Amino acid sequence: GRVEGGVDFVEAGRLFGLSGRMEAIKHLGIMYEYGLIPSEDMEGDEWDGYSSPHKPDYAKAREMYSSAWESGLDDAGYFLGLMWAYGRGVEQDFTRALEMFRQLAMKGHGQGQRYLAIFLVNGHGCPVDYERGRQWFKACERSGDYRVEELCRVEGEQIEELLEKAREKEQELQQMYGEL
């Protein structure tokens, strides 16, 4: 198999698949999604290799993520949500991604909380809701997920600043024109 930096991705993929462990199945999905291993289901595996050695197999990745999600692995649901959010191998579906991130957020999944907040403040699959987005950024900040805590703190502060400016502008307009 192709060896990158001392790692044989094909052998790693084979071992992940054989393990049957859901964390390993999720990682196998990542390897398929990002073209780190060839897919036996894909003809010719022709790929320009601009960012990965093989053509991504989104269907296989989705299958791996779905299997791990259905077995209770929250991180796999996060990757499924990202596929829907960005249209990676599926039709982009903000509503479906939003629902996945909402389920994850309710379970305390930091990355799911962050994406739910992002969707809320941008109106992806839902009406824009800065206040609820800010609340989810705060929850993410306290999630214990080191991968996103600092990002959520900064993003939450940015939303708080925007809300404060909006409140100040509202007060200013009320003083100028009376009750709106």
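The model is predicted, so local features need pLDDT of at least 70 and side-chain atom pairs count only at pLDDT 80 or more, while totals for chains, interfaces and linings use all residues. Residues are numbered from 1 along each chain as its sequence is written, and side-chain values use heavy atoms, with hydrogens and water left out.

## The chain as a whole

Let us start with the overall plan. The chain has eight helices and two strands; here helices (H or I, at least four residues) and strands (E, at least two) are DSSP runs, numbered from the N terminus.

Of the 180 residues in the chain, 40% are buried. Buried means under 20% relative accessible area, exposed means over 50%, and partly exposed lies in between (1.4 Å probe, protein chains only). The accessible surface of the chain is about 10300 Å², and carbon and sulfur atoms account for 50% of that surface. These areas come from the Shrake-Rupley method with a 1.4 Å probe; for residues, only the protein chains shown count as cover.

Among contacts between residues at least 6 apart in sequence, 43% join residues at least 24 apart.

Two packed helices are described by the angle between their axes and the distance between the axes. Axes are lines fitted to C-alpha atoms, for helices over the stretch in contact, and angles run from 0 to 180 degrees between N-to-C directions. Angles under 35 degrees count as roughly parallel, over 145 as roughly antiparallel, 65 to 115 as roughly perpendicular and the rest as oblique.

| Helix pair | Crossing angle | Axis distance |
|---|---|---|
| H4 (residues 74–86) and H5 (residues 94–106) | roughly 160° | within 8 Å |
| H5 and H6 | about 135° | 8 Å |
| H6 (residues 110–122) and H7 (residues 130–141) | roughly 165° | within 8 Å |

Begin with H4 and H5, which are roughly antiparallel to each other. H4 passes H5 in a left-handed crossing; a crossing is left-handed if the near helix is turned anticlockwise from the far one by less than a right angle, and right-handed if clockwise. On the H4 side the contact includes Tyr 78, Leu 82 and Trp 84, and on the H5 side it includes Phe 94, Met 100 and Phe 101. By class, this contact of H4 with H5 has ten nonpolar, two polar and two charged residues. Ala, Val, Leu, Ile, Met, Phe, Trp, Tyr, Cys and Pro count as nonpolar, Asp, Glu, Lys and Arg as charged, and the others, Gly among them, as polar.

The contact of H5 with H6 divides into nine nonpolar, two polar and one charged residue.

Then come H6 and H7. What is the handedness where H6 passes H7? The crossing of H6 past H7 is left-handed. Among the residues that meet are Leu 116, Ile 118 and Val 121 in H6, and Trp 136, Phe 137 and Cys 140 in H7. Ten nonpolar, three polar and two charged residues make up the contact of H6 with H7.

## Residues to look for

Glu 33 lies in helix H2 (residues 22–33) and counts as buried, at 2% relative accessibility. Leaving out residues up to four places away in sequence, Glu 33 touches Pro 56, Asp 57, Tyr 58, Ala 61, Tyr 65, Phe 79, Met 83 and Arg 88.

His 27 is also found in helix H2, and is partly exposed at 30% relative accessibility. His 27 and Ala 76 are 49 residues apart along the chain, with their C-alpha atoms separated by 8.8 Å.

In helix H4 you can find Asp 75, which is buried at 15% relative accessibility. Beyond its neighbours within four places in sequence, Asp 75 is in contact with Lys 26, His 109, Gln 111 and Arg 147.

Finally, Glu 70 sits in helix H3 (residues 58–70). Is Glu 70 buried or exposed? Glu 70 counts as exposed, at 66% relative accessibility. From C-alpha to C-alpha, Glu 70 and Met 22 are 9.6 Å apart in space, and they are 48 residues apart in sequence.

How values were computed. Contact means heavy atoms within 4.5 Å.
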